[in-house]
Amino acid sequence: MASISYSPSAFTGTSASDLLQSSNNGASGIPLKTLGKARFAVKRRDVTVAAKLRKVKKHEYPWPADPDPNVKGGVLTHLSHFKPLKDKQKPVTLDFEKPLVDLEKKIIDVRRMANETGLDFSDQIISLENKYQQALKELYTRLIPIQRVNIARHPNRPTFLDHIFTITDKFVELHGDRAGYDDPAIVTGIGTIDGQRYMFIGQQKGRNTKENIQRNFGMPTPHGYRKALRMMYYADHHGFPIVTFIDTPGAYADLKSEELGQGEAIANNLRTMFGLKVPIVSIVIGEGGSGGALAIGCANKLLMLENAVFYVASPEACAAILWKSAKASPKAAEKLRITAPELCKLQICDGIVPEPLGGAHADPAWTSQQIKAAINEAMEELASMDTEELLKHRMLKFRKLGKVQEGVPVDPKKKVNMKNKEEQTVRITSKAELEGEVEKLKQQILKAKESSAKPPELALKDMIEKLKKEVDHEYSEAIKSMGLKDRLEMLREEVSKVNSRDQLMNPVIMDKIEKLKHEFSQSLSAAPNYTTLKYKLDMLKEFSKAKSLSEAASLKQEVNKKFNEIAARPEVNGKLDALKAEVQNSGSSSFLDLDQGLRDKILNMKKEIELEMITALESLGLDVELVKSNAKVQSEQTSLSVFKNKVDNMNGEINKRIENVVNSSELKNMIGSLKLEIAKAGKKPDIESKGKIEALQQQIKQRLSEAISSSELKAKHEELKAEISDAMEPSAGTDGSLEKETKYEEPRLEINLGANHSFA
């Protein structure tokens with residue numbers, strides 16, 4: 001190789017610009033002046049170039065050197081990184097399973113002893129195995145929610161890919177979100193079950209520490225949800241039904257994931273899944289945590305393994321928020337209602353896939369077959385729906401979730417952690433101001449009376465409502481001043497407890513209520529605001545009475561108007577005139593002197609007019625009761641007056657017995673309970689309240705009936721009845737009609753207007 005040799009001294013005193021110049025002969029960075037002075041010599045030299053390679057980790061490709069073409073799932077399954085574990089997973093015993101460990105040790109010890117000694121211990125082994133199976137069955141049929149949470153998180157629980165490679169005939173995993181990322185926490189791929197092609201999407205946990213780190217412990221990032229979204233669009237385009245497997249504690253919540261749009265990715269999945277035109281089935285195989293699970297869980301059918309859980313917040317997080325300690329997680333797990341049976345009752349979960357005793361990890365293959373059967377059954381049902389039905393079915397599944405209860409008393413235990421409602425402040429009107437308003441309203445009512453106009457109903461109603469609030473406030477102030485507020489609050493809590501359990505009121509509570517009422521009534525006159533309270537209460541009564549009278553007057557006008565309309569009808573007037581003419585032509589002076597045919601005509605005419613009046617009154621929204629008084633026969637009155645003393649004595653004896661029963665403590669409690677139930681039921685009682693009221697009425701009637709059904713009273717009653725019938729026989733004719741002149745009372749209509757008013 002040629003080389004140029006030069007003297008270093010030749011470069012001294014050379015400027016920077018000279019050094020940057022280039023020559024035409026290929027030398028670079030050497031001034032021409034220096035080159036002219038340099039001595040050139042050509043030498044041959046052997047040169048060796050050595051390169052040292054840095055050691056890097058060898059990449060593990062999934063494809064083996066000699067792939068087996070007959071492997072289950074097809075030769076493409078070799079592409080999957082998910083391989084059988086070289087080392088068997090170590091058994092993990094949960095805390096509540098520790099009692100079973102002793103039995104297992106005994107079985108192992110007996111078997112080892114049998115092998116060492118050669119003796120036959122088969123009976124003892126069978127007995128211990130039966131005990132173990134019985135204990136296992138009892139333990140797993142009575143699991144509490146926190147125990148199911150621990151089973152769902154079991155390290156050896158089968159993962160998504162464990163199930164997929166068991167239930168599918170062929171499966172090819174698809175990677176990437178087409179944005180440069182592939183999240184290993186979410187696995188997607190196409191597979192077939194019994195010849196039917198599906199798109200499978202699932203959250204994948206690791207089977208050991210190394211895999212868990214690789215899979216990020218089953219917590220997806222935004223890339224994973226976008227990969228799942230891409231596969232959903234792919235399945236929708238090609239018409240593949242979608243099956244999703246949920247097994248995650250939640251979406252990964254680190255800073256990077258939030259920067260990359262974790263919330264947006266989940267929201268986009270939720271929106272998209274409601275518009276997919278293919279059937280979707282979701283299966284919770286472990287734990288389904290919050291939005292991370294819901295992002296692939298908006299399906300037509302949501303199935304859960306028997307020991308899986310589905311929650312908004314983990315029991316530990318819930319306990320830390322509500323009880324300020326993660327140790328309260330068992331209580332939180334119970335209150336959250338996150339287990340499969342509870343979610344089925346709430347209609348969030350559509351079905352439960354059974355697990356073997358000991359959990360899915362006890363027999364993964366059997367569990368996978370149960371999942372396969374559940375998928376086939378659900379898809380068979382959804383396949384019969386057209387696209388419109390499928391979308392509506394998915395929408396209605398989520399629309400029906402959640403219930404609201406209004407007007408239900410709150411359990412006092414729940415009130416402890418509830419925020420107190422802000423008390424509504426009542427504006428208190430001064431006495432002088434109130435007197436002015438009252439006087440003004442009175443003047444308006446008097447003017448309305450003088451001019452025969454309607455009283456100011458709206459102003460009257462507003463005044464009554466205002467006075468009610470004022471009176472309530474004055475009562476509250478009076479209770480505070482008398483020191484009865486705490487006792488009243490305690491009594492209210494006791495009553496609310498009884499009401500929440502739908503039980504009859506305890507007589508002890510009834511006595512407390514009566515005592516408090518009595519004490520309040522006795523001490524009310526000594527309250528500082530008694531004068532103001534009495535004035536407002538009197539005004540309230542006066543205006544309430546004025547309102548009732550106004551309503552009664554307007555109702556009376558409407559009733560009279562209806563009656564006049566009926567009386568003014570031509571057909572009614574015609575019938576009445578014809579009937580009057582017949583009565584006058586007969587020449588009879590009384591009703592009894594008329595012949596039977598004319599009597600019947602008069603009675604039929606009465607009935608027609610009564611029915612028309614009843615119909616007219618009912619059209620006004622009134623309850624009408626026809627009250628007919630029995631004919632009072634003068635001769636009968638004369639004969640019965642003889643037995644008046646005997647009847648009075650009999651009634652007195654009966655009343656005395658009834659009073660004894662009524663005054664008994666048992667019947668008093670029953671009557672008090674009946675009053676309370678009627679007050680609770682209100683105007684429109686439900687079926688349950690009606691049943692309670694009828695049962696109490698029946699019991700009270702039975703007690704009274706027992707009191708007056710003694711043999712002595714029955715004998716006296718029969719004897720008196722016989723004497724009266726003997727005395728009445730001469731006053732009746734052979735045809736059963738009364739011969740003597742009879743005085744009749746006119747029948748009347750009674751209209752119930754309310755609790756304290758009636759109109760006849």
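Reply: A residue is called buried when its relative accessible area is under 20%, exposed when it is over 50%, and partly exposed in between, using a 1.4 Å probe and protein chains only. The model is a predicted one, in which local features need pLDDT of at least 70 and side-chain atom pairs count only at pLDDT 80 or more, while totals for chains, interfaces and linings use all residues. Residues are numbered from 1 along each chain as its sequence is written, and side-chain values use heavy atoms, with hydrogens and water left out. Helices (H or I, at least four residues) and strands (E, at least two) are DSSP runs, numbered from the N terminus.

Me: Is Gln-347 buried, partly exposed or exposed?

Reply: Gln-347 sits in the loop between α14 (340-345) and β8 (351-353), and its phi is near 65 degrees, a positive value in a residue other than glycine. Its relative accessibility is 44%, so Gln-347 counts as partly exposed.

Me: In which helix does Ser-290 lie?

Reply: Ser-290 is another residue, not a glycine, with a positive phi, in this case near 55 degrees. With a relative accessible area of 39%, Ser-290 is partly exposed. Its place in the chain is within residues 290-294, which form helix α11.

Me: Are α3 and α4 roughly parallel or roughly antiparallel to each other?

Reply: Two packed helices are described by the angle between their axes and the distance between the axes; here an axis is a line fitted to C-alpha atoms, for helices over the stretch in contact, and the angle runs from 0 to 180 degrees between N-to-C directions. The axes of helix α3 (residues 98-117) and helix α4 (residues 122-140) come within 10 Å and cross at roughly 165 degrees. Angles under 35 degrees count as roughly parallel, over 145 as roughly antiparallel, 65 to 115 as roughly perpendicular and the rest as oblique. By that rule α3 and α4 are therefore roughly antiparallel.

Me: How many residues of the contact of α3 with α4 are charged?

Reply: The contact (heavy atoms within 4.5 Å) is made by residues including Leu-100, Glu-104 and Arg-111 of α3 and Ile-125, Lys-131 and Leu-139 of α4. In the sorting used here, Ala, Val, Leu, Ile, Met, Phe, Trp, Tyr, Cys and Pro count as nonpolar, Asp, Glu, Lys and Arg as charged, and the others, Gly among them, as polar. The contact of α3 with α4 has 10 nonpolar residues and no polar ones, and the number of charged ones is 5.

Me: At roughly what angle do the axes of α8 and α10 cross?

Reply: Helices α8 and α10 are roughly parallel to each other, and their crossing is left-handed, a term used when the near helix is turned anticlockwise from the far one by less than a right angle, clockwise being right-handed. Among the residues that make the contact are Tyr-225 and Met-232 of α8 and Ile-266 and Asn-269 of α10. The axes of helix α8 (residues 222-238) and helix α10 (residues 262-273) come within 9 Å, and the crossing angle is roughly 20 degrees.

Me: Which residue of β5 is the bridge partner of Ile-246?

Reply: Strand β4 (residues 242-248) is mostly covered, with 7 of its 7 residues buried; Ile-242, Thr-244, Ile-246 and Thr-248 point one way, and Val-243, Phe-245 and Asp-247 the other way. Strands pair if DSSP finds at least two bridges between them, and β4 pairs in the parallel sense with strand β5 (residues 280-289) over 6 bridges. One of these places Val-243 with Val-281, whereas the partner of Ile-246 is Val-284.

Me: Which residue of β7 stands opposite Gly-288?

Reply: In β5, 10 of 10 residues are buried, and β5 pairs in the parallel sense with strand β6 (residues 301-305) over 4 bridges. A further 3 bridges join β5 to strand β7 (residues 309-311), which also runs parallel. Opposite Gly-288 stands Phe-310.

Me: How far apart in space are Ile-151 and Glu-287, C-alpha to C-alpha?

Reply: Ile-151 belongs to helix α5 (residues 145-152) and is buried, with a relative accessible area of 0%. Ile-151 and Glu-287 are 136 residues apart in sequence, and their distance in space is 9.4 Å.
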